[in-house]
Amino acid sequence: MSRSRNKDSIDQVAGNGLLHRRALLGRGLAIAGALGTGAMGSPTSAAAEPLSEQDWSLSPGGPVPAYQTPSKFAKSVVRTLSNPSFEPRTSQSRTPHQLLDGMITPNGVFFTIVHDGVPDIDPAAHQLLIHGLVKQPLTFSYETLLRYPMTSRIAFIECGGNSAGLFSPKPLQTDVQGLHGLISCAEWTGVKLSTLLEETGIDSKAKWFIGEGADAAHVMRSVPLAKALDDAMIALYQNGEPLMPGNGYPMRLLLPGYEGNMNIKYLRRIKLVPEAAMSYWESQIYTEPLPNGKAYQFYFVNEVKSFITQPSPGCTLQQPGLYEISGIAYSGKGRISKVLVSADGGQSWAEAALQEPVLSMAFTRFRMPWRWNGGPAVLQSRAWDEDGNAQPTRAEFVSQRGELTSVPPLLAFENHHFNAVTSWAVDEKGTVKHAYA
Amino acid sequence: MRMHRTLPMFAFWMFTFGIGAVSAEAPNLGKPISAADIAQWDIDIEPDGAGLPAGSGTSDQGASIFADQCAGCHGDGGKGATTTTSGAPAAPPVVSDMKRNGIDDTTLTIANYWPYATTLFDYIRRAMPWTSPRSLTDDQVYALTAYILAENKLIDGKQVIDAQTLPRVQMPNRNGFIVRFPERTPHD
């Protein structure tokens, strides 16, 4: 046991039990094993139960469905709904990040926001119109677009209102899903918008374009034309299959790194214009009032951010020992370059391992080995991107952007584009709660 | 015909430059369409009034349309209502003298926040009423726009709202914004 303790002190890289990341990777796997044995091995664990055959091993299983859905034993891995009885208002559904791992969000739990229900669009009757300041207005059918050269990329989409609950002056007690569930990450495949604009031609007076949906709200946003010529895509596939109805079927605009509402779903119209159109969504909803009485407008980019998904509120650490802290980092300005993790509320930090691949404007999964000693801990993650941007601490963020004067309802959107550090407090019982630190 | 002309060239580029170099080659399958055939979809209104259709309306005309088609969710006189079974607000008030409270988005209103009056016409026509969007005539949309502006004391109650007058309505918070990621700021 004393050898084990020595090993711990050698491998501890920051306060309150954070261990060197080699405990997770490469030759470190052996070290992790040794640590696990030292802390939770046979001397203190009850012996395993004798093994026996279970019912499902003793008779044939079920038939194979045409389209498979998760096991009934995984039925808790679902989105939470803000408007389950479908009242006449916007509906949000949030991704259960605390129950997922990796960098891809499965299509069934990809977050959805719709402003007037999920439309049931027949792709054979859907048209994409490109017009305005172009040389030749053109329409494209769904079938037609499938004939175009395709490109794929992995990209997150984050609602501008994701994490809005953290503007509260006191930490709201809910899980990762409730606080950060309005972001997901998928592989998108489709036709680059620039390819279609080559076909229509561009009038030199065009500086913006508007994207508009075929949904009943006809959601419309203005986007700088430069984005169209850079990486904007007409996405047709989501994680390899046609888009989900809640995510824009049959086609959506993908603007990597830009707030979700601009990634127009059910895309039916693109119009090149000289100025922004000032739609409802860019005049009020997706703007950010500031403490000085002014407000940000056209806050497009989802800036560098991270949060820990494991352990996180709702889970209880069962006994002291080795745990993996794991979470998601991302930036609308490029690749994640570094994630630091703290177990003592930011007094000391250590660099987490980044799971490959690390892609621009995509989820990056980070992992950090941590030995919980059974005492209080405050877990935090802080990310940096390749553009040199640091995720702000909550104090830094609030000094710039302010906070609310009273605690808001759990699922309200009092402001947007919150990207500061999130803290999870672990108590002696292993309970994990949202905290400000 | 197009296929026959394009394929040999496509093969040539494939052979010469590999798949990456031909990614700009597209099948050119877009169908030309005339302005007249676009008209029904061409519904965006710009802050300078571009896109506003013919027609007009007044607050008086708008009042009865509002009572009929809008008050069910937005409340009598547009002052807000709580009508959903969950108690959640069905729709925001559209007539309000609420003051902004710090950074709280939920205290933003048309009167204390919106930079342009044209947005009202655009949004009502594209998205309202919630249960039957695009069902109002342009005159009805003008009338509702006039009603909401007048009830918010942003225009005189007798003002006729049309394509000429709407873009000239001065909104109090017109200069209240900081462009965060500018490519170009609209109409400054």
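Guide: Strand β4 (residues 91-94) of chain A pairs with β5(A) in the antiparallel sense, over three bridges. Pairing needs at least two bridges found by DSSP between the two strands; strands are DSSP runs of E, at least two residues, and helices are runs of H or I, at least four, numbered from the N terminus. This is a predicted model, where local features need pLDDT of at least 70, side-chain atom pairs count only at pLDDT 80 or more, and totals for chains, interfaces and linings use all residues. Residues are numbered from 1 along each chain as its sequence is written, with chains lettered from A and ligands numbered from 1 in the order in which they are written.

Visitor: Which residue is the bridge partner of A:Q92 in β5(A)?

Guide: A:I113.

Visitor: And what is the strand order of the open sheet?

Guide: β3-β4-β5 of chain A, three strands with antiparallel pairing. β3 (80-81) and β5 (112-114) are at the edges with a single partner strand each, so one side of each has no neighbour in the sheet.

Visitor: Switching to the contact: how many residues does each chain put in?

Guide: Chain A puts in 60 residues and chain B 53, a contact being C-beta atoms, placed from the backbone, within 7 Å.

Visitor: Which element gives the most on chain A's side?

Guide: α5(A), with five residues.

Conventions: Two residues are in contact if their C-beta atoms, placed from the backbone, lie within 7 Å.
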